[in-house]
Amino acid sequence: MNISRTEAETALSDIEQAAAAVCVQRSYRVAAPILILWGVIWVFGYAGMGILTGAHWSLLWIPLDLIGIVGTLFVVRRSRGGASARRTRAQSGFSPWHALAILLMLVGTFVMFGPSQPAAYIAYPGLLCGFSYMMFGIMRMPRLAWIGAAMGALTLLGFFLAKDILSYWMAVVGGGGLILGGLWLRKL
Amino acid sequence: MAELDEIIHQPLRLKIMSALHAETAGEPVDFAQLKTTTQATDGNLGSHLTTLEKAGYVKITKDFVGKRPRTRAALTPAGRRAFRRHVNYLREIVEGLDTN
């Protein structure tokens with residue numbers, strides 16, 4: 001049996017689509033524990049901000065961020081095991097350089113605009129993370145876009161409607177949202 | 001020149017083989033995950049997996065995670081070779097190397 005050129009092209013396109021779908025699923029599997037980890041960190045960090053005075057916020061967040069960074073690197077490193085993981089990174093278009101670019105943007109804009117109100121200081125990371133997840137999601141991982149959109153919207157909602165309890169809002173809604181988002185990705 | 005593999009060429013089986021081949025480390029893939037990737041129904045997926053297993057292209061393992069049964073599928077070395085041959089055949093057709 002022989003097949004036409006068009007049939008062969010269609011078959012090759014199907015193969016590419018199936019491989020791309022596997023790649024997206026694999027990306028979700030890598031992203032899920034990272035989101036859950038950061039969700040837990042946010043719960044502790046933002047709840048702590050509600051309890052502690054502003055002077056202690058840095059002392060609270062530096063170790064939490066370090067735990068998050070080390071944990072994230074561990075998860076990424078574990079996923080680097082085989083060639084499939086390298087292919088995942090290549091196809092997903094995500095690399096550690098993207099994370100570094102986001103971090104630089106976060107630090108740069110923070111330094112440049114220096115939020116003077118505590119509420120802006122609390123809400124800004126949620127807004128930027130939500131935006132970043134949306135961008136990556138739109139590019140390659142649709143579910144991440146929904147998580148990012150929800151995160152950004154809920155952060156804004158808290159900023160305008162729940163300023164007095166914003167840190168607790170971010171702990172429950174932001175941290176809890178990340179945990180739920182991670183669990184959602186794990187279901188795939 | 002490579003040859004058409006009629007077992008693999010069936011559209012759903014082609015998707016199954018592609019998805020399993022994308023797991024280059026040869027890791028087994030969960031049935032549910034394959035279902036999401038191929039967008040097939042349980043019955044359809046199961047029946048085509050059986051065809052591929054009979055051809056020696058796929059190995060199906062069944063076990064339990066806690067109390068929940070789990071079915072996983074992975075490409076056999078023969079399946080991997082057959083898939084690559086089939087992809088080469090398709091590429092040759094597209095690139096116009098078919099001299100027939």
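B:Thr76 sits in the loop between strand E3 (68-75) and helix H5 (77-94) of chain B. Its relative accessibility is 17%, so B:Thr76 counts as buried. The cut-off for buried is under 20%.

The model is predicted. Chain B averages a pLDDT of 88. In chain B, 93% of the residues score at least 70. For the complex, the predictor gives an ipTM of 0.82 and a pTM of 0.75.

B:Gln39 lies in the loop between helix H3 (31-38) and helix H4 (42-54) of chain B. Its backbone stands out. Most residues other than glycine have a negative phi. B:Gln39 is not a glycine, yet its phi is positive, at about 55°. The relative accessible area of B:Gln39 is 71%, so this residue is exposed.

B:Pro11 is placed in helix H2 of chain B. At 52% relative accessibility, B:Pro11 counts as exposed, because the cut-off is over 50%. B:Pro11 and B:Thr38 are 27 residues apart in sequence. In space, the C-alpha atoms of B:Pro11 and B:Thr38 are 9.8 Å apart.

## Chain A overall

Chain A has 7 helices and 0 strands. From the N terminus on, its elements run α-α-α-α-α-α-α. The chain holds 188 residues, and buried residues make up 38% of them.

Consider the contacts in chain A between residues at least 6 apart in sequence. Of these, 71% join residues at least 24 apart.

## H1 against H5 within chain A

Two packed helices are described by the angle between their axes and the distance between the axes. Helix H1 of chain A spans residues 5-51, and helix H5 of chain A spans residues 118-139. The axes of H1(A) and H5(A) come within 12 Å and cross at roughly 165°. H1(A) is therefore roughly antiparallel to H5(A), a term used for angles over 145 degrees. The crossing of H1(A) and H5(A) is left-handed.

Which residues of H1(A) meet H5(A)? They are A:Leu35, A:Trp42, A:Tyr46 and A:Met49. On the H5(A) side, the partners are A:Tyr121, A:Ile122, A:Pro125, A:Gly126, A:Cys129 and A:Tyr133. By class, the contact of H1(A) with H5(A) has 9 nonpolar residues, 1 polar residue and no charged residues.

## H1 of chain A against H2 of chain B

H1(A) also meets a helix of the other chain, H2(B), which covers residues 11-22. The axes of H1(A) and H2(B) come within 8 Å and cross at roughly 45°. That angle makes H1(A) oblique to H2(B). The crossing of H1(A) and H2(B) is right-handed.

H1(A) brings A:Ala11, A:Asp14, A:Ile15, A:Ala18, A:Ala19, A:Val22 and A:Arg26 to this contact. H2(B) brings B:Leu14, B:Lys15, B:Ser18, B:Ala19 and B:Ala22. How many charged residues does the contact of H1(A) with H2(B) have? It has 3, along with 8 nonpolar residues and 1 polar residue.

Note on methods: Residues are numbered from 1 along each chain as its sequence is written. Chains are lettered from A and ligands numbered from 1 in the order in which they are written. This is a predicted model: local features need pLDDT of at least 70, side-chain atom pairs count only at pLDDT 80 or more; totals for chains, interfaces and linings use all residues. Side-chain values use heavy atoms; hydrogens and water are left out. Axes are lines fitted to C-alpha atoms, for helices over the stretch in contact, and angles run from 0 to 180 degrees between N-to-C directions. Helices (H or I, at least four residues) and strands (E, at least two) are DSSP runs, numbered from the N terminus. Angles under 35 degrees count as roughly parallel, over 145 as roughly antiparallel, 65 to 115 as roughly perpendicular and the rest as oblique. A crossing is left-handed if the near helix is turned anticlockwise from the far one by less than a right angle, and right-handed if clockwise. Contact means heavy atoms within 4.5 Å. Ala, Val, Leu, Ile, Met, Phe, Trp, Tyr, Cys and Pro count as nonpolar, Asp, Glu, Lys and Arg as charged, and the others, Gly among them, as polar. pLDDT is the predictor's confidence in each residue, from 0 to 100. Buried means under 20% relative accessible area, exposed over 50%, partly exposed in between (1.4 Å probe, protein chains only).
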